[in-house]
Amino acid sequence: LSDPESVKEVIAGQDGWSNGHKLNVAYAYKSFLEMLGKTWEPPRIKVPESLPFVPLESEIDALINGCARKTACFLQGLKDSGADPGELARLEWTDINIEAKSVTIKHPVKGHNARVVPVSDVFLARLRAMPKKGLRVFCKSQGIRSNFQDQRRRIACVLANPRIQKISFITFRHWKGTMEYHITKDPYHVKKI
């Protein structure tokens, strides 16, 4: 670790690592050297740009309807709001406006803005069926994530659709942004959502 050139060789020789992983290792090593008061010239690693996976709405709906009540409600909220999973996990019962059919995202993450987003009657019906055990509607997104992964695997197998296995929490954001752009053709609107 004390020889930067040796570290460059080790990073370059890792054939099993993606370029993104190699870049993260290079950043971590740079931070390590800064802590020691040293510097290095990191290797130039180009990470290829890829397009996000955007599933069909029928695939998203099949996944939501195949999940258990709490997970299905969370996924429906991701679909309707386009919120980050961490934002939706912090949703409180007082953030829901049934009359206006909207939810207030007041705990934004990753530099996002607080906002009020319209939601569907389906999501509101799923919320009404949820038990009100505390201040928040959902527990931490990590608990929901592990249940979701098991349920997603089962549903993809039952429906014999491997594309469902590619759907993650962030896929719902990609889907929402794509649909909003098709409707409005306004990238600034999509950015705001």
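Okay, let's start with Lys106, which is partly exposed, with a relative accessible area of 40%. For that scale, buried means under 20% relative accessible area, exposed means over 50%, and partly exposed is in between, with a 1.4 Å probe and protein chains only.

Before I go on, this is a predicted model, so local features need pLDDT of at least 70 and side-chain atom pairs count only at pLDDT 80 or more, while totals for chains, interfaces and linings use all residues. Residues are numbered from 1 along each chain as its sequence is written, and side-chain values use heavy atoms, with hydrogens and water left out.

So what does Lys106 meet in a salt bridge? The partner is Glu92, at 3.5 Å from N to O. By salt bridge I mean a side-chain nitrogen of Lys or Arg within 4 Å of a carboxyl oxygen of Asp or Glu. Lys106 sits in the loop between β2 (102–105) and β3 (115–118), and Glu92 in the loop between α5 (85–89) and β1 (96–97), so this pair ties together parts that are 14 residues apart in sequence. Those labels are DSSP runs, numbered from the N terminus: helices are H or I with at least four residues, strands are E with at least two. Glu92 is buried, at 12% relative accessibility.

Next pair: Asp121 and Lys101 form a salt bridge, 3.0 Å from N to O. Here distant parts of the chain are linked, 20 residues apart, with Asp121 in helix α6 (residues 121–128) and Lys101 in the loop between β1 and β2. Both ends are partly exposed: Asp121 has a relative accessible area of 46% and Lys101 has 37%.

Then there's Arg163 with Glu59, where the closest N and O atoms of the salt bridge are 2.7 Å apart. That one also links distant parts of the chain, 104 residues apart: Arg163 is in the loop between α7 (141–158) and α8 (169–184), Glu59 in helix α3 (residues 57–66). Is Glu59 buried or exposed? Glu59 is buried, with a relative accessible area of 6%, while Arg163 is partly exposed at 33%.

There's a network too, with salt bridges linking Glu57, Asp61 and Lys79. Overall, the structure holds 11 salt bridges.

Now the sheet. We have an open sheet of three strands, in the order β1-β2-β3, with antiparallel pairing. Two strands pair if DSSP finds at least two bridges between them. β1 and β3 are the edge strands, each pairing on one side only. Between β2 and β3, which run antiparallel, there are four bridges, and Ile105 has Arg115 in β3 as its bridge partner.

Arg115 turns up again in the largest pocket, whose lining also includes His112, Arg173, Lys176 and Lys191. α8 and α9 (187–192) are the elements that give two or more residues to this lining. On a 1 Å grid over the protein atoms alone, a pocket is an open set of points with protein on both sides within 12 Å along at least five of seven lines, where a 1.4 Å probe fits, and lining residues have an atom within 4 Å of a point.

How many of the lining residues are charged? Five are charged, five polar and two nonpolar. Here Asp, Glu, Lys and Arg count as charged, Ala, Val, Leu, Ile, Met, Phe, Trp, Tyr, Cys and Pro as nonpolar, and the others, Gly among them, as polar.
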